[in-house]
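Hi,

Here is the structure I said I would pass on. Have a look through it first, and my notes on what turned up follow below.

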Amino acid sequence: MRIVVTGGAGFIGSHLCEALVGAGHTVVAVDNLLTGRAENLASLASEPRFSLEEADVIERLQISGGLDAVLHLASPASPDAYAAYPIETLRVGSEGTRHALELASARGARFLLASTSEVYGDPDVHPQPETYAGNVNPVGPRAVYDEAKRYAEALTAAYQRLGRADTRIVRIFNTYGPRMRLDDGRVIPTFAAAALRGEPIPIYGKGSQTRSFCHVDDMVRGLMLALAADHAGPINLGNPEEMTIAQLATLCVATYGDGRAHLVYQPLPVDDPRRRCPDLTVARAALGFEPTIDLATGLRRCEPYFREAVARSVSPARMG
């Protein structure tokens, strides 16, 4: 197939591009490089079935030739990134999603929206099934990302109901792996960098809030299964191995630390979700999806990347 991946130079997007090319597809990555990095795609630089278009999906997409699929991953996706670019985040979720849908509609291509577990907000239902409507503060500091994705889902579902596009919606839960920025506010690179540097590890609140972390290899496999499956979604993708943030910090210290790192407790941010864990009932039934990489194994696999990234970095990582 010939496939467009918006946000293709991002963390998950670049891994997805590699997997699609590896599966024999031709891939056009589209990225404005606001938070993505061209270096994430270095392994595909000499690949004839891959190209990178530096463009912004907020503007109408100009992609020539036939297309079989459009995978829309473009968006700032970390707390620090969408705090720094709130208007851009809202626009890529609204105008960017419409332009990506229009491209798919015009070419008769399948469309996949990479949504997020953030649509559930601070959930009152646990674990979160796709039928749960969520508990989102529409004017809180996280709202620009949460509501942008909720709108993107609504728009995608409208195109599906009207028969204007064959769509898929996937809700991505916390994902980690190589190519994450150390300074973008996400918890695993923050903890890993602090442990490797022997610096204090910031724990917000009591550290009792929970998360479930999926290795990027499992996530990419799930996205490819969702693209191929006959299920419009939404479908949760993630790893239901749940742990507290304090437990994660301890695991990162054990994996990356040398005994110097220690935990430092700070006030809890506004609207920080108390619990987050995917209900994978639909993904198992519709996709045959099951994550295979447990967190301890995944963190060990990431050690070479994080060690190199810390060695190249000059500023301490932060957690948003």
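A quick definition to start: I call a residue buried when its relative accessible area is under 20%, exposed when it is over 50%, and partly exposed in between (1.4 Å probe, protein chains only). Aspartate 122 has 17% relative accessibility, so it counts as buried. Keep in mind that this is a predicted model, where local features need pLDDT of at least 70 and side-chain atom pairs count only at pLDDT 80 or more, while totals for chains, interfaces and linings use all residues. Residues are numbered from 1 along each chain as its sequence is written, and side-chain values use heavy atoms, with hydrogens and water left out.

Back to aspartate 122: you'll find it in the loop between β5 (110-116) and α4 (143-161). Helices (H or I, at least four residues) and strands (E, at least two) are DSSP runs, numbered from the N terminus.

Next, helix α5 (residues 187-197). Eleven of its eleven residues are buried, so α5 is largely enclosed by the rest of the structure. Those residues pack against β7 (175-176), β8 (201-204), α7 (245-256) and α9 (295-312). Just after α5 comes glycine 198, with a positive phi of about 75 degrees.

Then there is a helix pair. Helix α1 (residues 11-22) and helix α6 (residues 216-228) pack at an angle of about 65 degrees, with axes 10 Å apart. (Axes are lines fitted to C-alpha atoms, for helices over the stretch in contact, and angles run from 0 to 180 degrees between N-to-C directions.) On the α1 side the contact uses Phe11, Ile12, His15, Leu16, Ala19 and Leu20, and these meet Val216, Met219, Val220, Leu223 and Met224 in α6. By class, that contact has ten nonpolar residues, one polar and no charged. Here Ala, Val, Leu, Ile, Met, Phe, Trp, Tyr, Cys and Pro count as nonpolar, Asp, Glu, Lys and Arg as charged, and the others, Gly among them, as polar.

What does α1 look like as it passes α6, left-handed or right-handed? The crossing is right-handed, meaning the near helix is turned clockwise from the far one by less than a right angle, with anticlockwise being left-handed.

Cheers

Conventions
Contact means heavy atoms within 4.5 Å.
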